[in-house]
2 protein chains.
Amino acid sequence: MMTREQLINRIKVQRSFLCVGLDSDPTLIPSKFHQYKNPVLEFNKAIIEITAPFCVAYKPNTAFYERNGWQGWQTLQETVNHIPEGYLKILDAKRGDIGNTSNQYAAAFWDAIQADALTVAPYMGRDSVEPYLGREGKWAVVLALTSNQGANDFQMLKLDNGDLLFEQVVKSAIQWGSDDNLMFVVGATRGDLFATMRKLAPRHFFLVPGVGAQGGSLADVASHAITADCGLLVNASRSIIYAGSGDSFEKDVESACVELQQQMELLLHQHNII
Amino acid sequence: MMTREQLINRIKVQRSFLCVGLDSDPTLIPSKFHQYKNPVLEFNKAIIEITAPFCVAYKPNTAFYERNGWQGWQTLQETVNHIPEGYLKILDAKRGDIGNTSNQYAAAFWDAIQADALTVAPYMGRDSVEPYLGREGKWAVVLALTSNQGANDFQMLKLDNGDLLFEQVVKSAIQWGSDDNLMFVVGATRGDLFATMRKLAPRHFFLVPGVGAQGGSLADVASHAITADCGLLVNASRSIIYAGSGDSFEKDVESACVELQQQMELLLHQHNII
């Protein structure tokens, strides 16, 4: 578990609001890890060790583990177990189901996996989100505006009251929880809409994917949406974990991570957060 | 895999369009199964054996397995392995992510688990659904109008073009796939909107949860949405699998199943499908 206060303190101590995405694809990890019995697990351990000084959160995406069936889930569990104390453990699973079923997912992610935060799809509404909101230091991270092309298909549709759908999702979801147990996913590729998002949810943390491989800009994101408490967790996955492959793997991953952390430290200074 | 033609034939042979939902909660299964090393697996095997003469599909909901972590996924895999040939294996997982990630989920559900169909949440749009559409006899089952109270929060919102959101979801999704690889989830509690759904998607199969424990009526559903090819898979979970608990467990489950199958057989006759 990690409360809002603990998360803000951690950002100040680490001088970073970086989340490292553990989208570990066995076909993309450096060949040297294939000497181990469980290449993905050893890769993840190495990534965690290299990046820990520069980040505040880790975000395994369940898809990359489920592709290996139950053995993949075992790797996911062992990876989460390996994340040190003091880092927010976000499971990027985008779950969403009726209340009776979401209670089971809450048991899966809070009790079995022992995650601190879970990404949640909002399409099924209130009773699909509420089961995640009842525990101190646990977070539902609701999809608002995602970083992909397909976000335009529905999230950007205009409603008859003048709002775009993602705005209505945010307006509704902030009624269900608080800034102590609810965050929103906002893709870094949505620079111009970050100001809108921040107006709708002035104190909520945003989990921001799409910096790096997907092309979003950290400076743009911060200029629109950083708050007095930071209020941002910016995720990078592929641009960090696949930064190197050969003998310089450790050094390349560290460099990619340090570069983002230094930009973040500067932004935290500029906004008088540290 | 199961093609549209195979599915329609199967419905005619079984005289049923029943899907049995394997939402197997270890705290709700009859006590006699707790003598086994894996109570949920033995329960599922018993349910499959009792219900197979009366249904055409099985639908495990991943949440009920994930609550037990990787051991739960192992049970899920063994359950799917135990479903006989000739039954549609639907994984109710409601996945939805960017294209790169959905490719991993396709690998998880088509290759690792070997499911035939997967429920998919539409909020992230086209590239979150397309990765499931490329394989013969495999189905993406897109959430359109769900059976829960929360469906009113977003699915029923009116857009500025006059459509409700779920109508736009259906209009978009039928552009992405065909009635050979795409179905829609429509909750049985939405009786009055079934006619709307059928107009939007005249030939697509609908997967209909919400009969039984959630209160939907089979006759209502059929009157609005049955087609010349049937076009319906009606799911019942709790009302079948928890129909009995003591010595009469097998008999009670069979009775619950037979009752639905007989209603379905009558409807298939009335609509000249068999």
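Residues are numbered from 1 along each chain as its sequence is written, and chains are lettered from A, with ligands numbered from 1, in the order in which they are written. Because the model is predicted, local features need pLDDT of at least 70 and side-chain atom pairs count only at pLDDT 80 or more, whereas totals for chains, interfaces and linings use all residues.

Chain A is superposed on chain B by a rotation of 180 degrees with 0.0 Å of shift along its axis, at an RMSD of 0.0 Å. The superposition is by least squares on the C-alpha atoms of residues with pLDDT of at least 70 in both copies. The two copies are thus related as by a two-fold rotation axis. Both copies use the same surface, in that 100% of the contact residues of chain A recur in chain B; residues are in contact if their C-beta atoms, placed from the backbone, lie within 7 Å.

The interface takes 51 residues from chain A and 51 residues from chain B. On the side of chain A that touches chain B, at least two residues each come from α3 (63-66), α4 (69-82), β3 (88-95), α5 (99-112), α6 (126-129), α7 (151-154) and α8 (165-176) of chain A. Helices (H or I, at least four residues) and strands (E, at least two) are DSSP runs, numbered from the N terminus. The most is given by α5(A), with 7 residues. By class, this side of chain A has 21 nonpolar, 20 polar and 10 charged residues. Here Ala, Val, Leu, Ile, Met, Phe, Trp, Tyr, Cys and Pro count as nonpolar, Asp, Glu, Lys and Arg as charged, and the others, Gly among them, as polar.

Within chain B, the axes of helix α2 (residues 39-51) and helix α4 (residues 69-82) come within 10 Å and cross at roughly 20 degrees. Axes are lines fitted to C-alpha atoms, for helices over the stretch in contact, and angles run from 0 to 180 degrees between N-to-C directions. α2(B) and α4(B) are therefore roughly parallel to each other (angles under 35 degrees count as roughly parallel, over 145 as roughly antiparallel, 65 to 115 as roughly perpendicular and the rest as oblique). Val40(B), Leu41(B), Asn44(B), Lys45(B) and Ile48(B) of α2(B) make the contact with Thr75(B), Glu78(B), Thr79(B) and His82(B) of α4(B). This contact has 3 nonpolar, 4 polar and 2 charged residues.

Val253(B) is found in helix α12 (residues 249-270) of chain B and is buried, with 22 other C-beta atoms within 10 Å. A residue is buried if 20 or more other C-beta atoms lie within 10 Å of its own, exposed if 12 or fewer, and partly exposed in between, with C-beta atoms placed from the backbone. Leaving aside neighbours within four places in sequence, Val253(B) contacts Ile47(B), Ile50(B), Thr51(B), Ile240(B), Ile241(B), Ala243(B) and Gly244(B). Thr51(B) is 202 residues from Val253(B) in sequence, but the C-alpha atoms are 7.7 Å apart.

Leu118(A), in strand β4 (residues 117-120) of chain A, is also buried, with 25 C-beta neighbours inside 10 Å. Its contacts beyond four places in sequence include Leu91(A), Phe109(A) and Tyr132(A).

Asn272(A) lies in the segment after α12 (249-270) of chain A and is exposed, with 7 other C-beta atoms within 10 Å. Its phi is near 55 degrees, a positive value in a residue other than glycine. In chain B, Asn272(B) likewise has a positive phi of about 55 degrees and is exposed.

Terms used. Contact = placed C-beta atoms within 7 Å.
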